[in-house]
Amino acid sequence: FKIVSNTVVSENVMHSYPGGDAGGGGGVAVVLHYCNHNSQVLNNTITSSNVGVGITSKLSNCTGPIKAYIKGNTIDGMKGNAIQMWDGSNEPHIENNIIKNAQVGIDLTNCPAATTVIGNTFTNVPTPTKYAGSTCKP
């Protein structure tokens, strides 16, 4: 999803996005990209992909924080990260997800202080959370 607002992706079954590399170059089931104001990924089942949900960069002309809500999803069998974010100007709220069989559960690179990561369950995930950036608080 690129340059959209108030988008809800809910109650879908998504599987088998194997393309690209596990670092996010492809094979991502849901991508929130460029000014996705108030995007919500809710109660989906995502399996057998490189990455489950990617919250990526925003355009320079976007205003305000880009809020994304990733809640209540089951993400299983990722080759790389179950959920990842790259841009510190995003404001992700990652809550109550079930994450199984992934190398990294939640990878937040340059995350802002307003990030919330609560109530997530991890099974067979060697690195449940990975934070980078001075404002990140595990």
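Residues are numbered from 1 along each chain as its sequence is written, and side-chain values use heavy atoms, with hydrogens and water left out. In this predicted model, local features need pLDDT of at least 70 and side-chain atom pairs count only at pLDDT 80 or more, while totals for chains, interfaces and linings use all residues.

K67 pairs with E91, with 3.9 Å between the closest N and O atoms. This pair joins strand β7 (residues 66-71) to strand β10 (residues 90-95), 24 residues apart; strands are DSSP runs of E, at least two residues long, numbered from the N terminus. K67 is partly exposed at 32% relative accessibility, whereas E91 is buried at 12% (buried is under 20% relative accessible area, exposed over 50%, partly exposed in between; 1.4 Å probe, protein chains only).

E95 and K71 form a salt bridge at 3.5 Å, N to O, with E95 in strand β10 and K71 in strand β7. Here E95 is buried at 14% and K71 partly exposed at 28%.

Turning to D107, this residue of strand β12 (residues 104-109) is buried, at 10%. D107 forms a salt bridge with K130 (3.9 Å), a partly exposed residue at 42% in strand β15 (residues 127-132). The D107 side chain also makes a polar contact with that of N81 at 3.4 Å (N or O atoms within 3.5 Å, one able to donate a hydrogen and the other to accept it; residues adjacent in sequence count only if both atoms are side-chain atoms).

Note on methods: Helices (H or I, at least four residues) and strands (E, at least two) are DSSP runs, numbered from the N terminus. A salt bridge is a side-chain nitrogen of Lys or Arg within 4 Å of a carboxyl oxygen of Asp or Glu.
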